[in-house]
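Hi,

Here is the structure I promised to pass on. Please open it alongside this note; what I found comes after it.

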Amino acid sequence: LEEPVANNKKLQQPTGSGGENRLKLPTHSGVAETSQSKLFEAEKSEQGQPTSNVQTSSQPISSQPTSSQPISGQPTSNQPISSQPTSSQPMGGGRRAPDAVSAYAGFLSGATVRALLQPLDVIKIRWQLQLESISRRGDGGTYQSLPQTVGRILREEGARALWKGHVPCQVVSVLFNSVQFYTFERSGPPVRELLGGGSDFGADFVCGGISGVAAALSCHPFDTLRTRLIGQSEKNRVYSGLVHAVTHMWRSEGPRVFFQGLGPNLAMMAGQSSVHFAVYHGLRRLLNDVDGSVGSSGGDALTAGFAAGVAAKSVVYPLDVLKKRQQVRGFEAARLCFGRVQTPASRWAAAYAADMIRREGATALFKGFVPAAMKSGLVTGLTFYTYEAYVSLLVDNR
C-alpha cells in the first residue's frame, strides 16, 4: 500500500484539524469506499498514528437537495408563481378578473358614481332637449348657462329635482357597467387570439366596442325612462313615478316606445366604449412606463379615466343629442313650460339630424356638451378607479 499512497500524495488536502490529511476520492460505490478506507489506515500506520475503524456508508450520496435548497422547477415560499398574478396587480396592469367579480365590481362602481354625479346628468339632458340656444343672447331659452341652470332648478323645483329619475338612472348605471365590464373581460382572450396577439390598443378598442353594444342593448328601455322622467316639468307633470311611467307609456304608445333612439344609442356606445377602453388602458400603460411603476394607482386611474371620458364623449356627442330627442318623441306636452316644442319630422336619425341643423343650426348637435364632457370625464375616471378598487377588494377577500 505504500506505493499507492506515495503516488496519491498529490491528492491529499489538509483538513485543518489534528494535522490529518484525507484523500478526496469519488465514493460512488462500496468498492471505492473500501479502497479509500484502506489508504487512510495505511497512511496513519506509516506516520505512527493508531489506526481506527473508518466507517463508510455503502449508500451512494443522495441526489436530493437539502432543505436549504429549493427543488428545481418549484418556487420557494417567497416567490410567487409567475403564471398567476398577485392580488396587488390592478386591472389596468393587465390582470383578468374572474367573471363574477367583474360583473359585481361593475355593479358597485356604477351605483357609487351615479349617486355622486346625477345632477350633471339632469343638467345635460335639460340642455339637450331645449330647442332654443343655451345662451344669454338672442333667443336664449329657459336655461342659459351652467350657474343659471342650477339656480333656476333649485328655485323652481327644489334640490330633489337635481336627482330626478335617479331610480332608472341607477338601473342604467349598474346594469350598463355590469354588462360592459363582464363582456370586456370575457371577450378579451378570443379577440386577442383572433388578432394574433397584436397591439393591446387594437384589442382594447375592439373589446370596448363589443361591450358597449351589449351594455346598450341591455339597458336602453331604462335609458328612455330616465330621459322622460328628467325631461318633464313639475308644472306639466305626466308621470308620478317609475311604475306609472312604465304603465302609461305602454298603454298610450306601445312597447316600441321603450326602444326609441336605439339606433343612435348603439352607434354611440360602440364608438364611445371603444375609445373609453383603448384610451384608458393606453394611458395607464404610458403612465406606468413614465414613472416605472407596475400596479394600481388611484391618481393614474383618475387621470387616464378623465381623459378617456372626455375624448370618447367628444367623438360621439351628436349621437347622444339625437338619441335624447328621439326618446321624447310624443312627450311634447310635458315640456311646454320649458319653451318651444317640436315633434320630430322623421323616425330616422339621419333625417332628424338634417332637420335639426336646418332649424337650429349645426351647433344644436352639441347642446349640453360642457356639462356632458364634465360628467363623462368624472364618471369614467371614478368608474375605472372604483372598479379597480372593488376588484382588488373582492379578489383579496375570496
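The largest cavity has a volume of about 570 Å³. Keep in mind that this is a predicted model. Lining the largest cavity are 35 residues, and Arg114, Phe176, Gln272, Lys375 and Val379 come closest to its centre. Which elements give two or more residues to this lining? They are α3 (99-129), α5 (166-194), α6 (200-231), α8 (262-291), α9 (298-327) and α11 (369-396). By class, the lining of the largest cavity holds 13 nonpolar, 13 polar and nine charged residues.

The count of cavities of 30 Å³ or more is two. The second largest cavity holds about 110 Å³ of space. Eleven residues line this second cavity, with Leu129, Leu131, Val328, Arg335 and Gln342 closest to its centre. Its lining splits into six nonpolar, one polar and four charged residues.

Two single residues next.

Asp121 sits in helix α3. Is Asp121 buried or exposed? Its relative accessible area is 0%, so Asp121 counts as buried; the cut-off for buried is under 20%. Beyond its neighbours within four places in sequence, Asp121 is in contact with Arg114, Cys169, Arg226, Ile230 and Lys375. Two of these partners, Arg114 and Lys375, are also listed among the residues closest to the centre of the largest cavity.

Asn177 belongs to helix α5. Asn177 is buried too, because its relative accessible area is 9%, and that falls under the 20% limit. Leaving out neighbours within four places in sequence, Asn177 is in contact with Gly106, Ser109, Gly110 and Thr383.

In soluble globular proteins, nonpolar side chains tend to be buried together.

The largest nonpolar core has 22 residues, and Ile153, Tyr239 and Met249 touch the most other members. At least two residues of this core come from each of α3, α6 and α7 (242-253). Which element gives the most to this core? That is α3, with five residues.

Take a look at Tyr239 while you are there. Apart from neighbours within four places in sequence, Tyr239 is in contact with Arg228, Leu229, Gln232, His244, Ala245, His248, Met249, Glu253 and Phe331. Another core, of 14 residues, lies apart from the largest one. Its members include Ala105, Phe184, Cys207 and Phe277.

Then go to helix α3, where Asp121 lies.

Best wishes

How values were computed
Residues numbered from 1 in each chain as written. Predicted model: local features only at pLDDT ≥ 70, side-chain atom pairs only at ≥ 80, totals over all residues. Heavy atoms only, no water. 1 Å grid on protein atoms, 1.4 Å probe; cavity = no way out; pocket = protein on both sides within 12 Å on 5 of 7 lines; lining within 4 Å. Points joined across faces, edges and corners; volume = space filled by probe spheres on them. Helix = DSSP H or I, 4+ residues; strand = E, 2+ residues; numbered from the N terminus. Nonpolar A, V, L, I, M, F, W, Y, C, P; charged D, E, K, R; others polar. Buried < 20%, exposed > 50% of the residue type's maximum accessible area, 1.4 Å probe, protein only. Contact = heavy atoms within 4.5 Å. Core = buried A, V, L, I, M, F, W, Y, C linked by side-chain atoms within 4.5 Å.
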